[in-house]
Amino acid sequence: MQKQQTVEAGVAMMKVLESWGVKHVYGYPGGSISSTLHALEVEKENITYVQVRHEQVGALAAVGHAKATGKIGVTFGSAGPGAVNLLNGLYDAKEDNVPVLAIVGQVPRSNMNYDYFQEFPETPMFSDVADYNRVVMTPESLPYVVDKAIREAYKNNGVSVVVIPNDIGFVEIEDVPFSSAQLTDEKAAPQPEATDEEVKHLLDMIKDAKRPVFHVGSGIKDNQDKLQKLAEKLQIPVVITGLAKGKVDDHFEGNMGTSNRAASKAADEVFGTADLVIALGANFPFANLVYRTHEFKFVQIDNDKSKFGRHHYLDFSIWSDSGKFLDKALELSEQQPESAYYQAAKEDMKDWRAYLDSLMNKTEGAPEYEEVYREINRIAEDDALFSVDVGDNIINSFRFLDMKRGQKMTISALFATMGYGLPGAIAAQFAYPERQVFNIAGDGAFSMVMQDLLTLNKYNLPVINVITSNQYLSFIKSEQDDLTMNNFGIDIKDAKFKDIAEAMGVHGIEVNDAKELPAAFDEAVATTKAGKPVLIDVNITGKRGIPVEELQFKMEDGKLVEYISDGYQLAHGSRTMDEFFAEYDASELKPFTYYLDKYGVKF
Ligand SMILES: CC(=O)OP(=O)(O)O
């Protein structure tokens, strides 16, 4: 009988990863993951091991890869501390629904259950974050379990964990076709489709409503043109969730932007006055605040039935893929006459955009975040990728990043873990070496992961790091300010990030005056064009952006009144709308009620 070919189990696992199109694996070594490291060395021509400097960065980079590409991200860590460090990134994948595989080391089987060095039972720890969570028991099953883990991660849009006792990866096993990747052709899984009756019922509800609004999430996928057509046809303003930023054109005048705190004024005002909210593929973590401020009818359209009713009681629901719903709605609907509410909403948004533009124009004095965004917009290429860290930069990116269709922004949205920016940028640059990549981060978030500037240096990744430093956790400061408490625990020591960057082999630039900004950003472009990473540390002021979420509505003597929330007045003293706007250099902004009156919208 002919002797079977053999392969090391760890190498067989790598071949499975390769068959699924995995090109990069992010991680950090440890004794208990050596067989996986060995397999990565054997397969180094086909798969790149990216050595990050902290397992949390590796896990977040895997998440960043999945967010930027839609394909599975892969990370690894050793038993014990390495495994624990992965958790942060894995929770981010779970919360934002992206496929990630974590390969976790374990001590050799002969030492398991003897309270061996760094050994602990890892399965319970990952049981909440992972949908698929297995310990490999035999060398022969290693490639199978990894193949299954990838399939599960894609199916669940979530996390799979495979724990591998270290000895297993070194064992020679029969070399047979392990991967099922070839069985997963590019054909999309069948998607649920709205019926004619369902769409007709919704169109009747829209006819009965006076102030309908679409709330659109990342479930819109690449259907923005259809959405815009429908919004215009039915005269309905569109509010988006954070994950839909860039998926609905910033320049579409019916796009009101994001809502709640990280919001545009128009989005919050439209939500505050709507009588019908139609959520389309939207996950909204602030539903408990925003959806409960007044009575409205609520319709949810989602391709996942398990998501129905999670944000608001349902008046109606449609189980459908967003594209299929939009096709049917376009087919079955008629062009509506100009709606006064839609006109008022669009003008309110135009007003808001003009305000944002005016803020970005300052050219001297202490730099503010607005001018930083003006410069980012100026140098950003048409297909730039933005990895934005948690904090005020989320609010500011939603407001000031003027995204073009070919650009993409990724964030840690629901889990909102500080330190996402740099790992997300590392992964984006590896996935798209030809594209311009930004890491936009505050001083707090950046200093949680800044050791990985070394990774940019090691792999010559020409990422543009924009660090906004104000020696405060400003996002938290605003929350403390609104609670009438003293600011405590949120001042952070200033650091010379320019020098830190230089010491780690990354070109550093520091900006202390707005007039230095254009030259600094030009220098950043020149540096990255030469293939080198760069960091611009801008020492911004602690100025707070206008908290539009404080704008509220009530009926008084049969008339709609817009006012500043009681909570804000309690914390900051009572003020009129005019005083509130003046506080934030926004005297030219008009309340939404002005436009509602102008267009004769009745309540
Ligand atoms: C978390 C936080 O408050 O960060 P920033 O200072 O960037 O707003």
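Start by selecting Lys265. Leaving out residues up to four places away in sequence, Lys265 touches Asp348, Trp352, Val548, Leu551, Phe581, Leu589, Lys590, Pro591 and Phe592; contact here means heavy atoms within 4.5 Å. You'll find Lys265 in helix H9 (residues 265–273). Helices (H or I, at least four residues) and strands (E, at least two) are DSSP runs, numbered from the N terminus. Is Lys265 buried or exposed? Lys265 counts as buried because its relative accessibility is 0%. The cut-offs for relative accessible area are under 20% for buried, over 50% for exposed and in between for partly exposed (1.4 Å probe, protein chains only). Now look for Lys590: its backbone oxygen lies 2.6 Å from a polar atom of the Lys265 side chain. That's a polar contact, meaning a pair of N or O atoms within 3.5 Å; within protein, one must be able to donate a hydrogen and the other to accept it, and residues adjacent in sequence count only if both atoms are side-chain atoms.

A quick word on what you're looking at. This is a predicted model, where local features need pLDDT of at least 70 and side-chain atom pairs count only at pLDDT 80 or more, while totals for chains, interfaces and linings use all residues. Residues are numbered from 1 along each chain as its sequence is written, and side-chain values use heavy atoms, with hydrogens and water left out.

Next, the hairpin. Select strand S21 (residues 551–556) and strand S22 (residues 559–564): they run antiparallel and are joined by six bridges. Two strands pair if DSSP finds at least two bridges between them. Which residue of S22 does Phe553 stand opposite? Glu562. Two residues sit between the strands of this hairpin, and Asp557 takes a positive phi near 50°.

Now jump to strand S15 (residues 385–388). Leu385 and Ser387 point one way, Phe386 and Val388 point the other way, and all are buried. In a regular strand the side chains alternate between the two faces of the sheet. S15 pairs with S16 in the parallel sense over four bridges, and Ser387 has Thr410 in S16 as its bridge partner. Gln407 is in the loop between helix H14 (392–400) and strand S16 (408–411). Gln407 counts as buried because its relative accessibility is 4%. Among the residues Gln407 touches, not counting those up to four places away in sequence, are Ala380, Phe386 and Asp402.

Time for the ligand. Around the ligand you'll see Val390, Gly391, Asp392, Met418, Gly442, Tyr472, Leu473, Ser474, Phe475 and Ile476, each with a heavy atom within 4 Å of it. Helix H18 (residues 474–482) gives the most to this shell, with three residues. Zoom in on the ligand's oxygen atoms: one is 2.9 Å from a polar backbone atom of Tyr472, and an oxygen atom is 2.8 Å from a polar backbone atom of Ser474. How much of the ligand's accessible area does the protein cover? The protein covers 96% of the 270 Å² that the ligand has on its own, by the Shrake-Rupley method with a 1.4 Å probe.

Last stop: Lys307, in the loop between strand S13 (297–302) and strand S14 (316–319). Lys307 touches Asn97, Gln300 and Asp302, not counting residues up to four places away in sequence. Draw a C-alpha to C-alpha line from Lys307 to Gly31: the two are 42 Å apart in space and 276 residues apart in sequence.
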